[in-house]
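Subject: Structure handover and notes

Hello,

Please find the structure below. My notes on it follow.

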Amino acid sequence: ILQSEDYVYEILEDGSALIIMYLGSNEDVEIPSELEGHQVSALEDYAFYANSDLTGVTIPDSIMAIGMNPFCLCGNLTRITVSPDHPALEVVDGVLFSKADNRLVTYPYAKTEKTYAIPQGIQAIGDDAFCSASNLTDITIPDSMMVIGDRAFWNCSGLSNITIPGSVMSIGEGAFSGCSNLTAVTIPDKVAFLGTNPFSFCEKLTSITVSPDHPVLEVVDGVLFNKEEKRLVTYPYAKTDEAYVIPQGIQVIGEDAFSSCTSLISITIPDSVTSIG
């Protein structure tokens with residue numbers, strides 16, 4: 001691990017530099033294309049994490065790989081700039097995308113719009129891509145989308161309306177965690193992977209819907225299960241029942257499955273359960 005002025009970095013096998021962390025406090029940052037003679041080729045996950053000084057950033061053409069939202073929780077970030085000819089990245093309406101994997105990387109925390117439509121053709125919403133974008137109330141996801149990443153909409157507290165299109169196959173861990181105004185969600189039949197409780201801390205969530213013919217998931221008495229794994233995935237935060245009996249045959253209570261379900265006084269666990277997450 002090396003340091004050059006405000007940047008912590010490491011040298012990759014090809015001799016280029018991966019920026020691991022930015023230590024500076026500048027408002028407007030132009031990421032260098034070279035550090036001590038090494039071309040900067042990549043940004044690590046969360047490289048600028050929670051930098052409250054940052055208002056604008058320019059990413060050089062040398063950066064070909066970008067990890068999980070490098071600008072997660074940058075509370076004053078409103079502008080991301082890349083050149084029109086950047087080989088790997090592009091910015092559309094202020095939002096950063098990776099062209100190589102058709103991935104939405106960063107929706108800047110401080111954008112003030114209330115609605116946003118993800119462009120058609122984008123196939124993945126990256127991990128933490130919309131983290132704490134609390135101004136958003138309505139997000140439109142195109143039918144090209146296949147993957148919603150871990151914590152993709154984490155703490156989007158204003159989000160009240162979301163339609164998951166039928167093209168989506170994977171919804172990551174805590175994907176909608178902290179979406180405190182989300183009241184209902186329908187999960188399409190193509191979703192074969194569902195991570196750790198995607199709906200933890202959704203304070204108003206009362207309705208989760210899947211079709212009766214869903215090959216992997218089912219909802220019983222309002223509670224979401226993974227049939228293949230015999231796993232209880234989500235007991236909705238806003239359910240008001242004081243007692244709940246987990247169905248016989250369930251083997252796993254998933255991580256965060258009952259997070260903050262304060263109405264419950266009594267939970268009965270059947271003898272088929274072998275693991276509590």
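Y46 is partly exposed at a relative accessible area of 25%, and Y49 is partly exposed too, at 47%. Here buried means under 20% relative accessible area, exposed means over 50%, and partly exposed is in between, with a 1.4 Å probe and protein chains only. Before going further, please note that this is a predicted model, in which local features need pLDDT of at least 70, side-chain atom pairs count only at pLDDT 80 or more, and totals for chains, interfaces and linings use all residues. Residues are numbered from 1 along each chain as its sequence is written, and side-chain values use heavy atoms, with hydrogens and water left out.

Aromatic rings

Rings of Phe, Tyr and Trp (its six-membered ring) pair if their centres lie within 6.5 Å; planes under 30 degrees apart count as stacked, over 60 as edge-to-face and the rest as tilted. The count by this rule is 13 aromatic pairs. Y46 and Y49 make one of them, edge-to-face, with 6.0 Å centre to centre and 80° between the planes. F130 and F153 make a stacked pair, with 4.9 Å centre to centre and 25° between the planes. F130 sits in the loop between strand 14 (124-125) and strand 15, and F153 in the loop between strand 16 (147-148) and strand 17, so this pair ties together parts that are 23 residues apart in sequence. Strands (E, at least two residues) are DSSP runs, numbered from the N terminus. F130 is buried at 0% relative accessibility, and F153 is buried with a relative accessible area of 0%. Both belong to one aromatic cluster, formed by Y107, Y116, F130, F153, F176 and F199.

Nonpolar cores

A nonpolar core is a set of buried Ala, Val, Leu, Ile, Met, Phe, Trp, Tyr and Cys residues joined through side-chain atoms within 4.5 Å. The largest one has 41 residues, of which I118, I125, F130, I148, F153, I171 and F176 touch the most other members. What does I171 contact, leaving aside its neighbours within four places in sequence? Its partners are I148, I164, F176, I187, V191, F193, L194, G195 and P198, where contact means heavy atoms within 4.5 Å. There is also a second, separate core of 26 residues, including I19, Y22, I66 and V105.

Strand pairing

Two strands pair if DSSP finds at least two bridges between them. Three strands form an open sheet in the order 13-15-17, with parallel pairing. Its edge strands, each pairing on one side only, are strand 13 (115-117) and strand 17 (161-163). On average, neighbouring strands of this sheet are turned by 10° against each other, direction ignored; axes are lines fitted to C-alpha atoms, and angles run from 0 to 180 degrees between N-to-C directions. Strand 13 pairs with strand 15 (residues 138-140) over three bridges in the parallel sense, and T115 stands opposite D138 in strand 15.

F225 stands opposite L232 in strand 24. The two strands form a hairpin with four residues between them, and K230 in the turn has a positive phi of about 50°. Strand 24 also runs parallel to strand 26 (residues 252-253), joined to it by two bridges, and there L232 has I253 as its bridge partner.

Loop residues

Most residues other than glycine have a negative phi. E36, which is not a glycine, has a positive phi of about 50°. E36 is in the loop between strand 5 (34-35) and strand 6 (38-43), and is exposed at 56% relative accessibility. D221, also not a glycine, has a positive phi of about 55°. D221 lies in the loop between strand 22 (217-220) and strand 23 (223-226), and is exposed at 62% relative accessibility.

S259, in the loop between strand 26 and strand 27 (266-268), is buried at 13% relative accessibility. Not counting residues up to four places away in sequence, S259 touches N197, S200, F201 and Y237.

Regards
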